[in-house]
Amino acid sequence: MNITFPSGREGVHDHLIVHCLYTKPSMDVGAVWTDRLHRGKGWFGGGYHAVIRRDGTLEWALTGHPTRRIGSAGSHVGGCGPGWNRRCLGIALAGGMREDGKGPEMNFTDAQMETLRAFIAAANEQLGIPMEHVMGHRDLI
C-alpha cells in the first residue's frame, strides 16, 4: 500500500497515536460514522486524522473523508495534558469490542493491520515521527 502525506507537514506532528473505535466486528464503520459520533458529542467533527475500516480501507481527508487534515490539531487525546492534540497524529481502527458488546477484544483484521503498518512506516519516513513515538492511546493515559 502506498501512502503519501502532504508535503510541508514534516515536524508538525511528533507522535502517532493509535486508537480503536471500540465497535463490534460486525459493524462496518469508518470516518463518516466517526464524524457523526464526534459531532454528536459537540466536537468540531471527527477527531482523528485517519480511520481504517475493517476491510483495510484508509479513510482520511486526502480521500475526501471527514477527518482532521494532516498538520491540524486532532481531538483524540483529551485529558492527556496541554498540547497533545496539536502535536499528535491520530489514527483509529474500526473494531476492538467483542461481538456480544461485553468488553474489549483484539479483533482487528489482517487488512487493517497491513494498512496500519503502511501508515506508520509512511509517517516515520515522510513526517519524521520516530518509531518510539508511535503508541496506543492507552499508553498516554
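Mentor: Let us begin with a definition: a contact means heavy atoms within 4.5 Å. Please keep in mind that the model before us is predicted.

Trainee: What share of the contacts with a separation of 6 or more joins residues 24 or more positions apart?

Mentor: In the protein chain, that share is 68%.

Trainee: How does the radius of gyration of the protein chain stand against that of a compact globule?

Mentor: The comparison rests on the number of residues. For 141 residues, a compact globule would have a radius near 14 Å, and the protein chain agrees, because its own value is 14 Å. Along the principal axes, the C-alpha atoms fill a box of roughly 45 × 35 × 30 Å. As for the surface, the protein chain exposes about 7200 Å², of which carbon and sulfur atoms supply 52%. Of its residues, 48% count as buried.

Trainee: How many helices and strands does the protein chain have, and which pattern do they follow?

Mentor: There are three helices and five strands. Read along the sequence, they give the pattern β-α-β-β-α-β-α-β.

Trainee: In which order do the strands lie in the sheet?

Mentor: The order in a sheet is read from the pairing of strands, and two strands pair if at least two bridges are found between them. Here the five strands form an open sheet with the order β3-β2-β4-β1-β5 and mixed pairing. Strands β3 (58–60) and β5 (134–136) each have a single partner strand, so one side of each is left without a neighbour in the sheet. On average, neighbouring strands of this sheet are turned by 25° against each other, direction ignored.

Trainee: How many bridges join β1 to β4, and how many join β1 to β5?

Mentor: Strand β1 (residues 15–20) pairs with β4 in the parallel sense over six bridges. Three bridges join β1 to β5, and these two strands also run parallel. Val 18 illustrates both pairings: its bridge partner in β4 is Ile 91, and its partner in β5 is Gly 136.

Trainee: Is β4 mostly covered or mostly open?

Mentor: To judge this, one needs the cut-off: a residue is buried under 20% relative accessible area. Strand β4 is mostly covered, with six of its six residues buried. Cys 88, Gly 90 and Ala 92 point one way from the strand, whereas Leu 89, Ile 91 and Leu 93 point the other way.

Trainee: Is His 38 buried or exposed, and what does its side chain meet?

Mentor: His 38, in helix α1 (residues 31–40), counts as buried because its relative accessibility is 4%. A polar atom of its side chain lies 2.8 Å from the backbone nitrogen of Gly 47. Beyond neighbours within four places in sequence, its contacts include Trp 43 and Tyr 48.

Trainee: Where does Asn 107 lie, and which residues does it contact?

Mentor: Asn 107 lies in the loop between β4 and α3 and is buried, with a relative accessible area of 11%. A polar atom of its side chain lies 2.8 Å from the backbone nitrogen of Gly 96. Leaving aside neighbours within four places in sequence, Asn 107 is in contact with Pro 25, Arg 54, Gly 95, Gly 96 and Met 97.

How values were computed
Residues are numbered from 1 along each chain as its sequence is written. This is a predicted model: local features need pLDDT of at least 70, side-chain atom pairs count only at pLDDT 80 or more; totals for chains, interfaces and linings use all residues. Side-chain values use heavy atoms; hydrogens and water are left out. Helices (H or I, at least four residues) and strands (E, at least two) are DSSP runs, numbered from the N terminus. Axes are lines fitted to C-alpha atoms, for helices over the stretch in contact, and angles run from 0 to 180 degrees between N-to-C directions. Buried means under 20% relative accessible area, exposed over 50%, partly exposed in between (1.4 Å probe, protein chains only). A polar contact is a pair of N or O atoms within 3.5 Å; within protein, one must be able to donate a hydrogen and the other to accept it, and residues adjacent in sequence count only if both atoms are side-chain atoms. The radius of gyration is taken over C-alpha atoms; the globule rule is 2.2 Å times the number of residues to the power 0.38. Accessible areas come from the Shrake-Rupley method with a 1.4 Å probe; for residues, only the protein chains shown count as cover.
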